Number of protein chains: 2
Amino acid sequence: MVGPGLEDIKAARERIAAAVHETPVMQSGQLDAHVGASVFFKCEHLQKVGAFKARGASNAIFALEEAAAAAGVATHSSGNHGAALAMAARARGIPAYVVMPDNAPAVKKAAVAGYGAEIISCAPTLAARESTLAAVVEKTGAAVVHPYNDARVIAGQGTATLEFLEQVPDLDVIVVPVGGGGLLAGTALAAKGMRERIEVVAVEPAGADDAFRSFGLGELQPQNNPDTIADGLRASLGELNFDIIRNHVDTILTVPDPVIVQAMQLQWTRMKQVVEPSGAVSFAGLLEHPERFRGRRVGVIISGGNVDLDNLPW
Amino acid sequence: MVGPGLEDIKAARERIAAAVHETPVMQSGQLDAHVGASVFFKCEHLQKVGAFKARGASNAIFALEEAAAAAGVATHSSGNHGAALAMAARARGIPAYVVMPDNAPAVKKAAVAGYGAEIISCAPTLAARESTLAAVVEKTGAAVVHPYNDARVIAGQGTATLEFLEQVPDLDVIVVPVGGGGLLAGTALAAKGMRERIEVVAVEPAGADDAFRSFGLGELQPQNNPDTIADGLRASLGELNFDIIRNHVDTILTVPDPVIVQAMQLQWTRMKQVVEPSGAVSFAGLLEHPERFRGRRVGVIISGGNVDLDNLPW
């Protein structure tokens, strides 16, 4: 597999400009005082479908040749990628097939269906998801779009950082969560491509630390029984993603779940922003490791805001 | 009492420019589709202290003559006004005395204390609050700033609408919640002063409908045992406020509490914004009375976002 470069991210930005939002950057004097740094929050929870995933899915779909696109796109997802793919497919006017485990929350199924995608239910195992997806592709000829181990998706996720560095040009460091590694790989490529001296810091839940371990050992490590409130970050790091990350990321930090919850609560009460657990992981990195960021200009990507209000972690 | 005019609101805007935020305007395609209108949300929950109250308190404090200001300011409050007064007093560098009922939530006391104000506890009755405030004034010579029945406060609250009409010049109608009437009076003066043909619609919880009844009868009616989740709107309409409201407001609508909760949930899940019950009342007006707004360009003021995350109404 060949990873994308800065030019691919710039091309992605033009390709998806009409399909996604340019999200705002927020600041909070109270949170700056709390962590002792100047923090700029890139609000991808205000992106379409409530997460940065809209960027990568849109780029993958709009990059398809006409002939390939006609048969539609397919993926398996229990989260934001399914909704993002459905949204982008509707924008291009092609079918989307989303394989979802039959125990997926009704609200997530409704989001995918709301964008007009066809949902194919399966048993809640990875094997069932993959075999069901293969059958869908066999039948429809749809193009599979992986949620993160895909150069077009990585390039799309990187567009958030192109915007961010235009909005706040003089960041010292940029902080992003890592799960499968799509956002982190795209961020690192964009940030280092635009400003060689910027530091790129990833933050991972301690209960799903395969990226932390892989980065330390220099070799892709498996994810073992992830146990974290940050449901969007339980995926295993992708191969293509890891290749980019070990070449372009400076540090991976881990944070325990109680600090993720504390970060969420601070962002809800002080910034008045609904941030999902995975989306609060980047700011949790500042709470857990303040000495790394003190006095610096820190860009924090809030990755998403899709949370079940009936099931809050406090 | 003499009410303020448009010129007072313009003067207030200059006076408080360094003390408050110019808040952003947000839109949501999903909520537009839900109500069948083009809705622009003025985000006063992103204002300092998390509510529009920062505007009126700042104007009252910065309008004081030097000699009067030296003795400080005082009020009784169990809510956002106390924090707003404390914040503005600190910005001017003068003392603030806030009389709070001894059953006020710890989080609200902490907010007031966090701005350096002196808190004076009293029994949780209006009589105790008023007599305690009188004693504070007797002892300190502080200037009392009423939360809404005050021309300087009304002028300050009106500044949100001056901004709003610059941000979105061609609104057909502007929708605001009404409790004591400070925000509504300021909004109506600013809106009608800037654009004679704009419609001004107030929304009030059905369980605290003294403004609705007063407006209908043309005579100030008492608030009887208010019963609503919108804790910021339980106050009795002020005299000065009513005088302005009956001359400049087009309509007052009421909404039941379940619709207020529904409006909150939509704003949290679709807009990812933490809006307090009182802050969601304006949008609840669109949900409850959609026929009034269909196809129009509607400005909705979100008045505040201070909510206890451990005590949500669902």
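Predicted model: local features only at pLDDT ≥ 70, side-chain atom pairs only at ≥ 80, totals over all residues.
1. Local features need pLDDT of at least 70 and side-chain atom pairs pLDDT 80 or more, while totals for chains, interfaces and linings use all residues. Residues are numbered from 1 along each chain as its sequence is written, chains are lettered from A and ligands numbered from 1 in the order written, and side-chain values use heavy atoms, without hydrogens and water.

2. In the interface, 19 residues of chain A contact 19 residues of chain B (heavy atoms within 4.5 Å). The buried area is about 1,400 Å², with 63% from carbon and sulfur atoms (accessible area, 1.4 Å probe, lost on being put together, summed over both parts). On the chain A side, A:Lys272, A:Val274 and A:Leu309 lose the most area, together 43% of what that side buries.

3. No salt bridges cross between chain A and chain B (side-chain nitrogen of Lys or Arg within 4 Å of a carboxyl oxygen of Asp or Glu).

4. Over all chains the count is 26 salt bridges. One of them joins A:Glu166 and A:Arg13, with the closest N and O atoms 2.7 Å apart. A:Glu166 is in helix α8 (residues 151–167) of chain A and A:Arg13 in helix α1 (residues 6–16) of chain A, so the pair ties together parts 153 residues apart in sequence (helices are DSSP runs of H or I, at least four residues, numbered from the N terminus).

5. A:Asp243 and A:Arg246 form a salt bridge at 3.7 Å, N to O. The two are three residues apart in helix α11 (residues 239–248) of chain A, about one helical turn.

Terms used. Buried area = accessible area lost by both parts, 1.4 Å probe.
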